[in-house]
Each structure stands twice: as C-alpha cells, then as structure tokens.
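Subject: Structure handover, pockets and cavities

Hello,

Here is the structure for your files. My notes on its pockets and cavities follow below.

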Amino acid sequence: MSQFPSVRPRRLRRTDTIRRMVRETVLRADDFVYPMFVKAGQGLREPIPSMPGQFRLSPDEAVALAREAWALGVPAVLLFGIPEEKDAVGSAAADPDEAVQRTVRALKGALPDLCVMTDVCLCEYTDHGHCGVLGRAPGAAADAPPEVLNDPSLERLAEAALSHARAGADVVAPSDMMDGRVGHIRRALDDEGYDHVAILSYAAKYASAFYGPFREAAGSTPRQGDRRGYQMDPGNAREALREVALDVGEGADMVMVKPALPYLDVLARVRATVDLPVAAYHVSGEYAMLEAAARAGWLDRERAILETLTSIRRAGADLVLTYHALDAARLLATA
Ligand code: PBG
C-alpha cells in the first residue's frame, strides 16, 4: 500500500553519520585567511573596542598570533598597517620600515610556510583618509571639493605593493578600487622580478556601512566625504561582473567580493562567471554584529560563526577572509 509521501528527504537527516556523508559544503581551516592590524612597537596587543577579541598588534605579537593561527591549520594572514605619521599622499604606505613591511619580514622568518598577504591601500596612510590621492579634476569648479584622482593614485599603490613584495609578501591585495590598479601593480611587480608574487584583487568591493569597526581600528575614516566615488554602489550586481572581468584581464590571480553576507548573491554570480579562485571578505561590521548579539545572549555564538562561514563557502567562496578564523578553526578541530 504505497502512501504519499514516497520521497522523504528526512531519511538522510536521521543520524549524524548520514548527515556527514551527504553534506555538500564542508568548512576547513584551510579555507580561512586571518586579517590582522599591525603597528610599530613591542609587546603590544591593543584591544579594538568595536571588534571584541581583535587587537592592534606590534610585529612581535603579530608573529605570536600568526603562530597560533598556523598551529590551528589556518594557512594565511592578511596584514593592515597603522602608521605613526600620515600625510596627503600616504607616503608611509611604501616605507620599508613601516609596521606591515617589518611584520612581513618577521613572519617569513618565523613561519616560512605561512602565506603572507598584505592589503594595498592608501586610506590608513593618508591624513584625509581616502584610498587615493586628492586633487581637482580638470574642469572642476575652483570651489568644488577635491576628488580622489585615479591615475595619480596608481603610482602610489604600485610603490606600496612593491615594498610589500620586497619584504617578502606572497600575495598583495589591492583594496582601493581605483581603475586599472591591478594591471599597474602587476607591471610594477614584474619589472622588478616579482613575477611570483600573486595579486588577490578586491574586485567587487562595495561602499558599505559594514566597514565601520575597521575604520575605527585603523583610524581610516575619511575626514570629508565618503568612498562612494570609488567603491561600488550596493544596488549593483552586473557591475560586479564587469569589475571582476576587468581585474582578471589585468592579471589578478584571485578575485574578491566584499562584504560577504549582504552580497552572497554577487558572490554566487562571480563564482559562476570565473574559474579563478574566489575570495569573500567577512568584514569587521559582520564580525561586530555577530559578537554583539552573542554577548547580549541573543545568539549561540559558536553555531552562528560556523553557519555564517559555511554560508559564504556554499555561495561560492574558495577563501574566506574572517576575523573569526582562529575561533572557527578551533571549533572545527573539536567538532
Ligand atoms: C582599505 C580597506 C577597508 C577594509 C579592507 N581594506 C576599509 C574601507 O574600505 O573603508 C575593510 C575591512 C573590514 O571592514 O573588515 N581600503
């Protein structure tokens, strides 16, 4: 006597063993990249108030934390620098004695197999907080506010990327959203013999409210205006595919979508369009949101972390840049 329903998906959900067997997306520590903020000093672990559990680190402490990450199976870190001095053109970004360059050298010395990535941008290094250099476009009114000029910024970004490569970075990750910067950086690296250094391009980076805690951590909030003149409009998805195609054409080795959760649809479309590795950045605001709710007792923190990171992988990310990397790796190790 056959009765409806004959198809019962619940049969494959009955036991943990069967659920494990039919699971489509499995999270691994190998998927994670751990972002770290570095600044000059020694023995420094300054808590970042809006990112509980994250710190501004001196190079030696960055090495100590990276060692922990590596021991947990996390293969890569991404470095952001907080300079002591800022100026109009972000000179410190390319200074071989700045925190990022020092930390890269220290990391490659201490953990030669760790993949060291560096964020390439000017916003942490400019006194105005924009990701490029400011000026007046030809034809602009004399009293118009200055704009971020594209092509003059490219030279500065390439110099920064080169200084990271000289320090030993494995991957440089331009996050400025200037047009043509991937090609420009690629040529600058190749011209000096750094053709082995890979470029992870922040290809589809949106003008997002979710970078707030990062900007507090890095002191990189624009003094005037915002980043909508260079970062993408949240309403656009087709444009993300154009941005990705441009960066692939210019020589990007991997492309990124950022932020992650509010743009999972974009991530899935990018995944379907390119065959390069795709990364997604689970950004500071996404981290803060989850941590705040967990602290208030409104979410089960551990489950929320793993579910969130799984969703980013399921949507198509090969690499997930996340401040939860160490916690997630720990959870996976004990699961
Ligand atoms: C630098 C940069 C930012 C982030 C990564 N690189 C800040 C921004 O664009 O304002 C954000 C990362 C995060 O929020 O975790 N341009």
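How many cavities of 30 Å³ or more does the structure hold? There are two. Please keep in mind that this is a predicted model.

Cavities

The largest cavity has a volume of about 140 Å³. Its lining is made up of 17 residues, and K205, Y211, F214, R215 and K258 are the closest to the centre. By class, that lining has eight nonpolar, three polar and six charged residues.

The largest pocket holds about 620 Å³ of space. It is lined by 17 residues, of which R23, L27, L306, T310 and L332 are the closest to its centre. Helix 1 (16-22), helix 10 (301-314) and helix 11 (325-334) are the elements that give two or more residues to this lining; helix 10 has the largest share, six residues. Sorted by class, the lining has eight charged, six nonpolar and three polar residues.

For the second largest pocket, the volume is about 220 Å³. H128, H130, L134, P145, P146, E147, V148, R223, Q224, G225 and D226 form the lining, which divides into four nonpolar, four polar and three charged residues.

Regards

Definitions and conventions. Residues are numbered from 1 along each chain as its sequence is written. This is a predicted model: local features need pLDDT of at least 70, side-chain atom pairs count only at pLDDT 80 or more; totals for chains, interfaces and linings use all residues. Side-chain values use heavy atoms; hydrogens and water are left out. On a 1 Å grid over the protein atoms alone, a cavity is a set of points where a 1.4 Å probe fits but cannot get out, and a pocket is an open set with protein on both sides within 12 Å along at least five of seven lines; lining residues have an atom within 4 Å of a point. Grid points are joined across faces, edges and corners, and a volume is the space filled by probe spheres set on the points. Helices (H or I, at least four residues) and strands (E, at least two) are DSSP runs, numbered from the N terminus. Ala, Val, Leu, Ile, Met, Phe, Trp, Tyr, Cys and Pro count as nonpolar, Asp, Glu, Lys and Arg as charged, and the others, Gly among them, as polar.
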